[in-house]
Amino acid sequence: MANLGRSDYETAKGRLRTVLIAAALACAGSLLTPQGYLQLKLFFTVATIILFATTIYIIVRECRCPHCGKIIFIGALSATHCPRCRRSLTTGKKQKKSR
Ligand SMILES: [Zn+2]
């Protein structure tokens, strides 16, 4: 598989960010839909649920440490190093001890 300078984790992260933004928009849409537009409100609510389910699916399936397989759930978007094996999620290098 060709690696164009972006690791699998970064690709997953980009996808995760897109889905999260879409989920936030759908959630806002359902909140901002005025009373009386029940079908539209329902549509946004269902979209929110589906998008959040997709988010969890992407995290479980793809936001894993490429070295030890730990799922990076908390701070998946900002994490640069695996909390378990301390390797970089993008380059695989060990984190330097800074403390
Ligand atoms: Zn790891």
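How exposed is Arg86, in terms of relative accessibility? Arg86 counts as partly exposed, because its relative accessibility is 44%; buried means under 20% relative accessible area, exposed over 50%, and partly exposed in between, with a 1.4 Å probe and protein chains only.

The model is predicted: local features need pLDDT of at least 70, side-chain atom pairs count only at pLDDT 80 or more, and totals for chains, interfaces and linings use all residues. Residues are numbered from 1 along each chain as its sequence is written, and side-chain values use heavy atoms, with hydrogens and water left out.

**View 1. Arg86 in the segment after α2.** Arg86 is not a glycine, yet its phi is positive, at about 65 degrees.

**View 2. The zinc ion and its four donor atoms.** The SG atoms of Cys65, Cys68, Cys82 and Cys85 coordinate the zinc ion at 2.2 to 2.3 Å. Donors are N, O and S atoms within 2.8 Å of the metal (3.2 Å for Na, K and Ca); water is not among the atoms, so sites may look incomplete. The site is tetrahedral, with angles of 106 to 116 degrees among the donor atoms; four donors count as tetrahedral if all angles lie between 85 and 135 degrees. Along the sequence, the donor residues follow the spacing C-x2-C-x13-C-x2-C. Cys65 and Cys85 both lie in the segment after α2, so this pair ties together parts that are 20 residues apart in sequence. Both Cys65 and Cys85 are buried.

**View 3. The salt bridge between Glu62 and Arg15.** A salt bridge is a side-chain nitrogen of Lys or Arg within 4 Å of a carboxyl oxygen of Asp or Glu. A search of the whole structure finds one. In the pair Glu62 and Arg15, the closest N and O atoms are 2.8 Å apart. Glu62 belongs to helix α2 and Arg15 to helix α1, so the pair ties together parts that are 47 residues apart in sequence. Glu62 is partly exposed, at 28% relative accessibility, and Arg15 is partly exposed too, with a relative accessible area of 39%.

**View 4. Lys13 in helix α1.** Lys13 is buried and has no salt bridge. The nearest side chain of opposite charge is that of Glu10, 6.0 Å away; Lys and Arg count as positive and Asp and Glu as negative, while His and the chain ends are not counted. Beyond its neighbours within four places in sequence, Lys13 is in contact (heavy atoms within 4.5 Å) with Ala76, Leu77 and Ala79. Ala79 is buried, with a relative accessible area of 13%. Not counting residues up to four places away in sequence, Ala79 touches Tyr9, Lys13, Ile72 and Leu89.

**View 5. Helices α1 and α2.** The end C-alpha atoms of α1 are 36 Å apart, which agrees with the 36 Å that its 25 residues should span at 1.5 Å a residue. The expected span is 1.5 Å times one less than the number of residues. Helix α2 has 25 residues and reaches 35 Å from its first C-alpha to its last, close to the 36 Å expected. Buried residues of α1 include Tyr9, Leu16 and Val19, and the buried residues of α1 pack against α2. In α2, the buried residues are Ala47, Thr48, Thr55, Ile58 and Ile59; what covers them includes α1.

How values were computed. Helix = DSSP H or I, 4+ residues; strand = E, 2+ residues; numbered from the N terminus. Tetrahedral: all angles 85-135°; square planar, octahedral: opposite > 155°, others 65-115°.
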